[in-house]
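Student: Could we go through this structure together, one question at a time?

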Amino acid sequence: MKDVSPVTELTGRRDDLADRRAQRAIARALAESVDAHFEEFVEKYQHRLFGFVLTLVGNRGEAEEIAQDSFVAAYRALLTYDVPRRRELALRAWLFTIALNKVRNMARRAPASSLDDALAEGRVATQDTSLGPAALLERDERTRAVRRALGALAPRYRMPVVLRHLEGFSYDEIAEVLDQPAGTARANVHRGLALLRASKELKGATS
Amino acid sequence: MMKDFAAMREVQAPAGLVANVLRRVGLLDGYALVSTPIGPRFVAASQAGITAVGQAGEDAEFIRYYRERFGRAVERRDELAPALQAAVENGRKAAVDLQTCNPFQRDVLEATRSIPSGRVRPYAWIAERIGRPGAVRAVGTALANNPVPLVIPCHRVVRSDGSIGQYALGTEKKASLLQHEGVDLDEVRRRMPTQNVWYEEGEETFCRPFCFDARPLPAENHIVVFRNAAEARARGLVPCTTCHPGIAA
């Protein structure tokens, strides 16, 4: 498989470059003044971070809480970093790492209904549909099926697939966020995608 | 599959997420409507203190003005009204957030804060107080850009010739604020230009004429007038620590 980010495939390399440029610009602005530019940072990443967390936890209420907590944690961390460190931050990967840790901590705090158990039992899917179609803003039945299938994947596959194919991370970025070698990240993305395509949730659903 | 992922990427964050985050980290200021002697004003505050006293009108307009002027987000919070009202009524005790001011402006505004209600001081006096006697014009500019009029009483700073001078909200409003505090503007015009220092019998200190309440002095007030500070010192009197006679002209 070619090592081209799917976001690039879909939106063109120019947008991907523009995105990276915007990311660096915000990092430079935050280096100058956290307070003056933090809002811009939240505005820029709110949808992506919320979408990412929603995919992982499958519940809008919890996703909102975790997204908020992640931004608050990011703000506090930024204040403790010196200027060069803020300027060099790979903002997106850094922010998603914070969120991912919060998702993991949440699962740890509530072991009785831990995320992994819920996902293993497919309970996330039930939570999803119970919220009703209006709340989920999903285009159609097919998207919901993919989300359910994704939710049913083991986290070791789900997280790299989400980062790669929903968020357009490079393998290096995925490796950084998940704290594993890039080769492992790549293998897990491919394995995850194969499992997804073969999953029972997508059997019979038309593509 | 890739098309499905593309559809999933279109998830929108809940509408209040940015505001909630900013509020939690203290970057979302609040404002409310407050009544003042010159009519209703919007008064805003950060976690550090009062940040702005501005034109009351359309909320959207104030929010836009606030962002342009201070580079920060603000939301209407009517529950702040009593505290903001108290701050406007007793500005000397209110916490004020002058983060957006440069150090010179801050010095000017802090010196201006020390002027009691019902008194006035010339621009030159402020310039002397902050150790920049040559910067009278810059003092005027700093006061014209006072983000918190009324809370920091820039209306109490007048020209050395006794005329009332400029005001960000208009000279008429400046006059009406001073009159509201009991200041007699004719008395100010009469006393301000003089180099004299005054001493009230029985006191140990001497003052510049404007240190006294700027209202006509009753006949029974035993005021002794000296031509300058040196004469008063020669009589064993000490300069007042509020008006600092002997500095600014």
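Predicted model: local features only at pLDDT ≥ 70, side-chain atom pairs only at ≥ 80, totals over all residues.

Tutor: Residues are numbered from 1 along each chain as its sequence is written, chains are lettered from A and ligands numbered from 1 in the order in which they are written, and side-chain values use heavy atoms, leaving out hydrogens and water.

Student: How much area is buried between chain B and chain A?

Tutor: Contact (heavy atoms within 4.5 Å) involves 37 residues from chain A and 23 residues from chain B. Buried area is the accessible area (1.4 Å probe) that two parts lose on being put together, summed over both. Carbon and sulfur atoms give 66% of the total between these chains, which is about 3,100 Å².

Student: Which residue of chain A forms a salt bridge with Arg24(B)?

Tutor: A salt bridge requires a side-chain nitrogen of Lys or Arg within 4 Å of a carboxyl oxygen of Asp or Glu, and the rule finds two across the interface of chain B and chain A. In one of them, the closest N and O atoms are 2.9 Å apart, and the partner of Arg24(B) is Asp69(A).

Student: In what order do the four strands of the open sheet in chain B lie?

Tutor: Strands (DSSP runs of E, at least two residues, numbered from the N terminus) pair if DSSP finds at least two bridges between them. Strand 7 (residues 197-200) and strand 8 (residues 205-207) of chain B run antiparallel and are joined by two bridges. The pairing in the open sheet of chain B is mixed, and the order of its four strands is 9-7-8-10.
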